[in-house]
Amino acid sequence: MGVPASGDGLPGDFPVPSLDSVSIAQGDPHVPDRPVGLSVADFQNHARSGPSGGGSHSSLSPRQGLIKIRGDQCWRNLTCMDFHYETQPLPNPMAYFLHHSPWWFHRFETLSNHFLELVVPFFVFLGRQMCILHGALQILFQMVLIISGNLSFLNWLTIVPSLACFDDATLGFLFPSGPGCLKDQVLRMQEEEARGARAPWTHGSVARHTVNLALGVLVAWLSIPVVLNLLSPQQVMNSSFNPLRIVNTYGAFGSITKERTEVILQGTASPNASAPDAKWEDYEFKCKPGDLKRRPCLISPYHHRLDWLMWFAAFQTYEHNEWIIHLAGKLLANDAQALSLLALNPFAGRAPPRWVRGEHYRYKFSRPGGTHAAEGKWWIRKRLGPYFPPLSFQDLKGYFRSREWPYPKPE
């Protein structure tokens with residue numbers, strides 16, 4: 001990475017890439033400078049950036065399992081679940097207790113995952129009873145994932161196609177019976193169809209069948225590179241193979257993070273950021289770990305996009321995530337929209353901070369019944385070092401200008 005021209009970078013010994021190497025233009029969706037509305041496309045874009053969350057639409061096919069078997073060694077030696085609950089993007093309270101399960105339970109979880117993702121999908125082709133079993137197992141699997149982590153809406157969406165595994169006879173008990181009821185109407189329609197009675201062809205039905213056939217052919221054609229990728233030893237995770245993006249490849253947790261690190265944003269009102277008596281106060285996010293005594297959140301199927309991006313940012317440096325410097329500028333201005341994305345602004349009702357910095361910490365769950373848990377702490381942490389240096393409003397003028405970002409106005 002190149003060193004920027006004078007006035008473009010941050011102060012201190014933290015080199016910043018040049019505009020040619022990394023540039024985020026105004027309005028880029030990766031810059032969370034406003035309350036963010038979430039779309040499936042937004043989530044998929046960020047899921048491609050690294051390890052993603054939990055079960056997915058692809059849990060119904062072997063590709064989810066193959067990307068694991070071909071990926072991290074821990075999936076093959078059955079140790080991935082030793083780390084998953086603690087290092088997943090946004091742990092929930094149940095993850096805290098599941099993380100401390102016995103080692104043999106984690107091995108059982110990993111084996112069960114392989115069975116559900118590599119074997120169970122083929123049950124669909126083995127007759128009615130096995131298809132129903134497939135649907136039941138997949139829904140159970142997704143419910144376990146929902147209970148054990150905040151993985152957004154993906155698991156809920158995966159349940160929807162699984163419902164197609166249950167035919168009328170299986171679901172009939174859910175509906176009232178009797179003359180004129182829904183079940184009675186369906187039975188009469190089925191009897192008419194069995195006698196060969198068919199609705200007459202109309203222009204509308206012909207057009208509908210033609211569109212369905214054309215769409216089926218298109219999807220089959222676009223699926224060819226996806227299937228070839230599935231069969232390849234160099235299987236790619238999270239990718240599109242055509243500009244239409246109708247058929248894509250997706251895989252979650254091909255590799256598992258073994259340690260959890262967090263970026264903690266802090267501000268101070270001290271005129272001198274280097275002064276020993278400078279009091280640095282933490283900003284708290286709505287879901288991601290911060291305050292050691294705060295219970296892990298429970299938000300599924302909702303998604304806090306900024307918290308999710310902070311999880312990715314902790315794997316890298318701020319040079320790879322320039323939006324976090326943009327966020328620091330907003331905090332220096334006490335920007336109302338940016339602060340609405342946070343749970344706690346330590347400078348609420350006060351003048352904005354004079355300095356904002358990012359600190360890098362390693363986080364671990366406290367042990368139930370241990371000393372830290374007795375103090376009410378869900379987490380313990382150790383400082384790793386600075387993530388980005390103390391920044392003032394004046395420091396960021398050139399940085400914002402070089403990236404064509406609007407300079408925030410103090411509120």
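Helices here are DSSP runs of at least four residues (H or I), and strands are runs of at least two (E), numbered from the N terminus. The model is predicted.

**Exercise 1. Locate phenylalanine 125, classify its exposure, and name the patch that includes it.**

Step 1. Phenylalanine 125 sits in the loop that links helix H6 (103–118) to H7.
Step 2. Its relative accessible area is 67%. Exposed means over 50%, so phenylalanine 125 is exposed.

**Exercise 2. Work out the strand order of the open sheet and say which strands stand at its edges.**

Step 1. Four strands make up the open sheet, in the order S4-S3-S7-S8, with antiparallel pairing.
Step 2. Strand S4 (281–282) and strand S8 (379–391) each have a single partner strand, so they stand at the edges and one side of each has no neighbour in the sheet.
Step 3. In general, the strands of a sheet pair through backbone hydrogen bonds.
Step 4. Now take the pairs in turn. S3 and S4 run antiparallel and are joined by two bridges; within this pair, glutamine 266 is opposite aspartate 282 in S4.
Step 5. S3 and S7 are antiparallel over nine bridges, and threonine 268 is placed opposite tryptophan 355 in S7.
Step 6. Strand S7 (residues 355–365) pairs with S8, also in the antiparallel sense, over nine bridges. Here histidine 360 faces glycine 385 in S8.

**Exercise 3. Sort the residues of S3 by the way they point, and decide whether the strand is enclosed or open.**

Step 1. In a regular strand, side chains alternate between the two faces of the sheet.
Step 2. In S3, Arg260, Glu262, Ile264, Gln266 and Thr268 point one way, while Thr261, Val263, Leu265 and Gly267 point the other way.
Step 3. Buried means under 20% relative accessible area. Nine of the nine residues of S3 are buried, so the strand is largely enclosed by the rest of the structure.

**Exercise 4. Describe the backbone at serine 152, asparagine 334 and proline 301.**

Step 1. Most residues other than glycine have a negative phi, and most peptide bonds are trans.
Step 2. Serine 152 has a positive phi, near 65°. This serine is in the loop between helix H7 (128–148) and helix H8 (154–162), and its relative accessibility of 0% makes it buried.
Step 3. Asparagine 334, also not a glycine, has a positive phi of about 55°. The loop between helix H14 (323–332) and helix H15 (336–339) holds asparagine 334, which counts as buried at 10% relative accessibility.
Step 4. From serine 300 to proline 301 the peptide bond is cis, with omega near 10°. Proline 301 belongs to the loop between strand S5 (284–285) and helix H13 (305–313).

**Exercise 5. Find what lysine 293 contacts beyond its neighbours within four places in sequence.**

Step 1. Lysine 293 is placed in the loop between S5 and H13. Its relative accessibility is 49%, so it counts as partly exposed.
Step 2. With neighbours within four places in sequence left aside, lysine 293 is in contact with Glu375, Gly376, Lys377 and Trp378.
Step 3. Lysine 293 and histidine 372 are 79 residues apart in sequence, and their C-alpha atoms are 9.4 Å apart in space.

How values were computed: Residues are numbered from 1 along each chain as its sequence is written. This is a predicted model: local features need pLDDT of at least 70, side-chain atom pairs count only at pLDDT 80 or more; totals for chains, interfaces and linings use all residues. Side-chain values use heavy atoms; hydrogens and water are left out. Buried means under 20% relative accessible area, exposed over 50%, partly exposed in between (1.4 Å probe, protein chains only). Patches are made of residues with over 30% relative accessible area and no salt bridge: like charges are joined within 9 Å, nonpolar side chains (Val, Leu, Ile, Met, Phe, Trp, Tyr) within 5 Å. Accessible areas come from the Shrake-Rupley method with a 1.4 Å probe; for residues, only the protein chains shown count as cover. A salt bridge is a side-chain nitrogen of Lys or Arg within 4 Å of a carboxyl oxygen of Asp or Glu. Contact means heavy atoms within 4.5 Å. Two strands pair if DSSP finds at least two bridges between them.
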